[in-house]
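Hi,

Here's the structure I said I'd pass on. Have a look at it first, then read my notes below.

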Amino acid sequence: MPGLGTSFGRGGATTAQSDLANADAILIMGSSMAENHPVGFQWVMEAREKNGATIIHVDPRFTRTSAMADIWLPLRAGTDILFLGGLINYVLTNDKMFREYVLPYTNLSTVICEGFRDTEDLDGVFSGWDDIKKRYDHSTWQYQNVETLGYDEGHYGGGGHGKEGTGTSHPNGCERDETLQHPRCVYQILKKHFARYTPEMVEQGSGIPKEQFLKVAEAFTSASGPDKTAAICYSVGWTQHSKGVQIIRSAAILQLLLGNIGRPGGGILALRGHASIQGSTDIPTLYDILPGYLHMPFFKSGHNNFNDYILRHKSRKGLWFNYDTYFINLMKAWYGENARADNDWCFDLIPKLTGDHSHFGYWLDMREGKMDGLFVLGQNPAVGASNGRLERTALSKLKWLVVRDMVETETASFWYNSPEIERGELKTEDIATEVFLFPAAGTAEKAGTFTNTQRLLQFRELAIHPPGDARSDSWFMYHLGRRLKKKVEGKVGKRYEPLQKLQWNYKTEGPLKEPSISQVLKEISGWDLTSGKQVSGYKELKGDGTTASGCWIYSGVFPAENLNKALIRSPKNYLGHGWGFSWPNDVRIIYNRCSARPDGRPWSERKKLVWWDEEKQEWTGIDTPDFDKKKRPDYQPPEDATGTNGLAGDKPFILNADGVGWVFAPTGLMDGPLPTHYEPLESPLHNPLYRSHDTNPPEDKKIRPDNEYAPIGDGRFPYVLSTYRLTEHHTAGGMSRTLPHLAELQPELFCELSPELAADLELVHGEWACIYTPRSVIEARVMVTPRMRPLWVQGRTVHQVGLPYHWGYNGLVKGDVTNDLLPISEEPNVRIMETKALVCDIVPGRRATGPEALKQWKAHKEEAA
Amino acid sequence: MTTTAFLTDSTLCIGCKACEVACKEWNELGDDGHTWTGLSYDNTGAVGHSTWRHVKFVEAAPLLGFGGNAPDLASWTFSSDVCKHCEVAGCLEACPTGAIVRTEFGGVFVQPDVCNGCAYCVVSCPFGVVQKNSHDGRAFKCTFCYDRQKEGLQPACAKACPTESIKFGDIEELKLAAQVRVEELQSRGMQDAQLYDPIETSVKGLHAMFITRGDPKQYNLPPNPEVPTVYLESAWKSSALAAGVLVLGGLFAFLGSARR
Amino acid sequence: MSDPIMNLSNEYTPKGWKPRKEARLEEIKEQAKEFGTVEAKGVVPAGAPFPKASPETGYYGIPLLKQPQWKPEIPIYFFVGGASGAASVIGALAHWTGKDRQVARDARLVAAAGAIISSGLLISDLGRPSRFLNMLRMFKPQSPMSMGAWILAGFGTFSGAAATAQILSDRLGFGPFRILGNVAEGFSALFGLPFSNYTGVLIGATVIPVWNHNVRTLPFHFGMSGINAGVSILELMGNDSSPGLNRLGIISSAAETYEGIELEMKRDPVVNEPLKHGASGWITRMGGVLSGPVPLALRLAAEFTGKRRSRQLRQIAACSSIAGSLLTRIGWVRAGGVSAKDWRLPLEETKRPRVQKSQSREDYPHMRKIS
């Protein structure tokens, strides 16, 4: 998400799935789209069938997506940046850039300040690396002549989800060299940075033979220019890495160089991992952002006030000029009349970050007994989170645990049924946690919206009331809030104020007294508090407290009293206008100013999307323009203009302060302005590029006795392990292992490995094998398949083993928990764990049961390499 | 009523099994037990009384650089199997109670209120589709979503298929579409693309046709399916012969012996 | 029969799994490492075996056909039906030729009892026994089971009537009963003719390879087996001195012997395997021996020995025939089950015999030619 956010301005897919049908080439990497986004994949098929598009799939395994692709390449898990960097290098050395697009629309010509040093200069780190604090100082990454507030040191404790084209830089007078000759212009820096990512290096590091790589490079980069576009689809295979954000940055750079962003059949389709994860980052359940990608304020004395907060995040130009407006509207939505200018809009009442409050951040605190209670809603961390052993043991330290789900998940039953109980590490009698299991309502049993991977809000109406005591999460939260407010009524003290001042007057409807979701959606969309009418979009929001909106990017979804755009189902065109509401403003392909030339004409008839209508003096086209409708293409802003008026008529990326796509990201990311190849945290090989830094330097490995890592090249764990999903099951399996029709499709946990590895280790197809990592041991059925291939990397054979992660110890079909094998680690920007590349050992035979299993695992760990 | 048909195009199938599940959900079928077969991603094995759509996975060794859509190599193909709704159906001819009938849409339908579970259809289907459910007692197979078709809807599997690999429509249109599609695939270089519709056997063609890559035998589609009524003539002749031997033999035996 | 999971490609054997040190193989591996591709298509690098779906192995060796789902009642019914059907004809013939009144009388009882037992067995085999009358909803000549249902209905009615008339006329000495009984006996024999052998048609006209491959001989075989059993049951009821029965018994066991020899001599490799190997093979063979040569020899001997000896021999022959007939039916039904499990047969069967691996187009001459 920050990968896309820093590059373009918004952390979300740049296009709609149906637009893939217009692509001339599609690269699917870090995703098995046919398996995990099968409905969206129909448009990839359309591209293939109707457009003759070349479908390229790069994945350690040959999956059902590869079966539909034209070209498949296996690569060593964790070497995605090497591959993408290789493509960038190919574009630069063979002059495949779409120059007419790149020069005006990206910061390729911008000059970076003098103090900047690249990883090539410093053997694996950028300038500003503090080896003791293990973090970067960004001041040497800034544009020449541009001031920036830099980063608050303490801010590092917070996360990076909101780190989009933020307003901390004031790019007035940033220097540009259109000839691209200046030694410190982004183009030259880029060239130097990726100079060693040659096809030979790609082969050496990731195992892709040179010819095959060049075949893909040619196929993909030739689908670029005025007449052609190519799209990239990625999913969790890119995000769940120790450098996931940077992998996505590489793709963003590539697409910017090829001129594919904001154009039909182009863009980057971030395939979210769940049906509504986009929604859960827009209206976030993330700890470090507020609705609409505003930042959660960070507590630091001296900076703990509203003005400093706004100063930090408001930019002079671009949409984030209105940062304070959006924030104030949010506060008005939450606190109603209690939020006023004189009390800083209740800024003091919202919680402040004091450190790493991400999932692993607080879970490790929980493990140390620092937490009393936990609500787990529709999540199953006992199976779905890394290092299951640590996760479940941590739960036993709570005083109380509330689990809301449709079935009794492994998280809810950890206290009497879990591998720790079986192995004797935990005893039910000794666990003091009081566990409450609340039945939850299913999808059709509650109203609400989903926001899918293409930023599309779709409202679902309630079809049937939930049975028995089952209730929806909104019912639960609303009534919990109501009761808590009642409890603190009349009490005096600052700690009660946040609850007391919270506006919580939602109507309830129906026999079960469900809160009115329509009302909530109206509040999110926003209304004018003086007239009581809905606003039609975020442009109507005011910063004086007269309007309120729960999430500015959703503003416009409910523009009039009875017009719920998320509920409408009358599509007018292939982009789906008239079906649901796509944020922002029902724009389907964002940054679509790029689909027109700087002068406003479309690049070509074939690839037209929005264009300037000279007669009507406005932007028009097939999609809603993601641009000021009336801004002329040749508009030049006056010196002191602010907001989007401060951006010229040919600057499409309106959330970035300089209005252009960021090939080089001066701010926003913790681990570098440019992506660099590092090895995964556990790898059989050293970094072929840099001696001093094998892995991503700012990565937090959270090393502890129960979260050990294997050193690089550890002989005890010689094989690369990757985890993934199957179509037939849903994530941690709570909703699929419990349903007979799904459970029977994939009833048992199995591992996939190549015939060569099976022959070497005498593993028999259909029998059992134990997979060991420094964290745990599990057993799985052996599936020998030629779809897994050994790779020839840096002069030796690297074998890869694949494991799906859907099984747990409850349900109709049971199996070991794959995520027990994974370590807890935190990517520097979003604190996500690395699940896609680690090391393991695999041995024929069954895992011992009971305490013997621990002994078996320890014995394996202790044997000499 | 037009005669409707399925065209299952395996070059568009992504192996997602939505058809399998949609069919089970719509028809409220049971599960087939939870055993792992280890046969690629197919844990179902075959259609039967509680599985009426079954996705087959045919795995061959992929080569570097070649995706499954490459014309040179079919490395992993998926094909959704179903009752073929034969033009001349073995089960229909064999059914003694008349439970198995042809609907107005041309599909072969087992009336569950008539079937008494004699299981003769089971040994009369050359494709091994229909099967008796021993707990329930009756025989079951794909109904061609007769209930849905009567309401003007598509069958559940066709509706659920995300890539329109399962095409449903008028049989003549689909036969034409199939030919066009196979020609198109072959012109793209896929010489192994073919249509499976055995019109020159006694089955006289199917109402559920398949476009597959590679030999249909690897999908368990028989090269020469026959309706067992082709054996009737020889069979009854043999029966008549036996009857003749009984009568003549008996006459000879008794006439030629002493009275007792 | 090969294990479906380990049905492997033809390129390598599963023993050992150590990579074979062959020059060509090493060459291929080097080529693969260097270029990422090898020139020879279809080469599988040496490694552990895994299941394959291919024209040679079918779909992982999963049987294409469904197994017959009949319970043990069915082969027993074949036996009972065959015996009683034949008995009714034998009785009628014995009656009309005027040669053996006792046989005729006993035959009526055997026929009626057989009809009742048959109905019971069939109804018990049904998945929904309460719906047995649905069998008479249709009259479908193209369905042997439909014809069989009507034949049984007719046979049961008339054999029941004949036996009842006989019993009543014995008790009450009422004239018209005797006449009615004779008429019924005639019709019973008429229905008995097909009833004694139609079960061969029933299983012959199916998709099960071992059955339909032998469709020309199965009804005849079952018919002869029925005669054998019918004769034997009548003998054991006290008619073991009836000369007609012995002659008929010789004819039927001679026919059975011929059948058995012919079957053993047939060179059809795979299809008739279940009749010669495995449990089904042994049962069928045992049935064949006990139906054919054993009673043939005993009955022939009985023709040429004295009265008392002859009766003993014939009793043994009768027991052998009954056991043989029953075993034959059981064997054939079991063989059908085994045949259905053979994944090779439905995929290989073409109108012309095949000797080598075929091209797919040639195997599918009926498929529309795409130009």
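Let's start just after helix α15 of chain A, where A:G369 takes a positive phi of about 80°. (Helices, H or I with at least four residues, and strands, E with at least two, are DSSP runs numbered from the N terminus.) This is a predicted model, so local features need pLDDT of at least 70 and side-chain atom pairs pLDDT 80 or more, while totals for chains, interfaces and linings use all residues. Residues count from 1 along each chain as written, chains are lettered from A and ligands numbered from 1 in the order written, and side-chain values use heavy atoms, without hydrogens and water.

Back to α15 itself, residues 359–367: its buried residues (under 20% relative accessible area, 1.4 Å probe, protein chains only) include A:F360, A:W363 and A:L364. The buried residues pack against β12, α16 and α17 of chain A.

Now for chains C and B. Here 96 residues of chain C are in contact (heavy atoms within 4.5 Å) with 100 residues of chain B. The buried area, meaning the accessible area (1.4 Å probe) lost on putting the two together, summed over both, is about 8600 Å², and carbon and sulfur atoms give 60% of that.

How many salt bridges are there between chain C and chain B? The count is one: C:R128 with B:D136, with the closest N and O atoms 3.3 Å apart. (The rule is a Lys or Arg side-chain nitrogen within 4 Å of an Asp or Glu carboxyl oxygen.) On chain C's side, helix α8 (residues 218–239) gives the largest share of what touches chain B, seven residues.

Cheers

Technical notes. Buried means under 20% relative accessible area, exposed over 50%, partly exposed in between (1.4 Å probe, protein chains only).
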